[in-house]
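Please read this briefing alongside the sequence and the 3D model.

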Amino acid sequence: TILIGMSDETAAGGLRPIELTTQELSSIERYRQLRQTSVLVILFTDLKGFTELTERRGEHHALELLKRHDEILVRAIEENNGGLVVKHIGDSVMAVFSEPSTAVERALRIQERIRAFNEGNPDGDGLAVRIGLHMGQVAVENQTQLDLFGRHVNRASRVEGIADAGQIYLTYPVFDSARGWLSSGKGGSLAWKHHGNWELKGIKEPVAIY
């Protein structure tokens, strides 16, 4: 197991390492080589309110809802080989994509399907997912560098951590690369909003969030 980045703070106030196994790292490398890219988009999700739901409704009910959540997200991410789900971290999902436009489109697809699930279960507990995306070069001379990859994993995790339920937050590289390809969707034009520059824990310079 390799510690590759840092996720959100634990209840004790410390930093919780994101652990990627050798198998998970190998799957990322195979995906990168198959797509013939040195740049990857990293997506993090989080199921908001899952701990409170578990305490209120019990572990069995919460895990059944988490199963439905995982089914929705994995299908949305991996349909037609669009992206690769790398890891489930409790109620969070980590995935990678080779194209920023695909990553954003799949993030939108996740939120659309989550809304559809909630509308189809008006008497049940709803799902509320927040998403963060970041991209960057992870390979040098066709070899993935763990320090580079870990840096981008950390940033994607931090971006997800400041989003709220139903939101998709992007760093500037993802926004700038995807907006030209996703100028309009099936329902009309997409709206892109700049949320300002944020200071994220463990990152020296402010990060522009869209």
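This is a predicted model: local features need pLDDT of at least 70, side-chain atom pairs count only at pLDDT 80 or more; totals for chains, interfaces and linings use all residues.

Residues are numbered from 1 along each chain as its sequence is written, and side-chain values use heavy atoms, with hydrogens and water left out.

**The chain as a whole**

- The secondary structure comes to six helices and 13 strands, where helices (H or I, at least four residues) and strands (E, at least two) are DSSP runs numbered from the N terminus.
- Of the 210 residues in the chain, 47% are buried; buried means under 20% relative accessible area, exposed means over 50%, and partly exposed lies in between, with a 1.4 Å probe and protein chains only.
- Among the contacts with a separation of 6 or more, 66% come from residues 24 or more positions apart, a contact being heavy atoms within 4.5 Å.

**Salt bridges**

- The structure contains 16 salt bridges, each defined as a side-chain nitrogen of Lys or Arg within 4 Å of a carboxyl oxygen of Asp or Glu.
- One of them joins the side chains of Lys 87 and Glu 24, with an N to O distance of 3.2 Å. This pair links distant parts of the chain, since Lys 87 lies in strand 4 (residues 83-89) and Glu 24 in helix 1 (residues 22-35), 63 residues apart. Lys 87 counts as buried at 16% relative accessibility, and Glu 24 counts as buried at 15%.
- Another joins the side chains of Arg 56 and Asp 125 at 3.3 Å, N to O. Here too distant parts of the chain are linked, with Arg 56 in helix 2 (residues 50-57) and Asp 125 in the loop between helix 4 (100-120) and strand 6 (129-137), 69 residues apart. Arg 56 is partly exposed, with a relative accessible area of 47%, whereas Asp 125 is buried, with 15%.
- Glu 71 and Arg 68 also form a salt bridge, their closest N and O atoms being 3.5 Å apart. Both belong to helix 3 (residues 59-78), and because they are three residues apart they are separated by about one helical turn. Glu 71 is partly exposed at 33% relative accessibility, and Arg 68 is partly exposed at 40%.
- A network of salt bridges links Glu 79, Glu 105, Arg 106, Arg 109 and Arg 113.

**Packing of helix 3 and helix 4**

- Two packed helices are described by the angle and the distance between their axes.
- The axes of helix 3 and helix 4 come within 9 Å and cross at roughly 145°; axes are lines fitted to C-alpha atoms over the stretch in contact, and angles run from 0 to 180 degrees between N-to-C directions.
- On the helix 3 side the contact includes Leu 65, Arg 68, Ile 72 and Leu 73, and on the helix 4 side it includes Arg 106, Arg 109, Ile 110 and Arg 113.

**Helix 5**

- Helix 5 (residues 146-162) has 17 residues and reaches 25 Å from its first C-alpha to its last, close to the 24 Å expected at 1.5 Å a residue; the expected span is 1.5 Å times one less than the number of residues.
- Helix 5 is mostly covered, with twelve of its 17 residues buried, among them Leu 148, Phe 149, His 152, Arg 155, Arg 158 and Glu 160.
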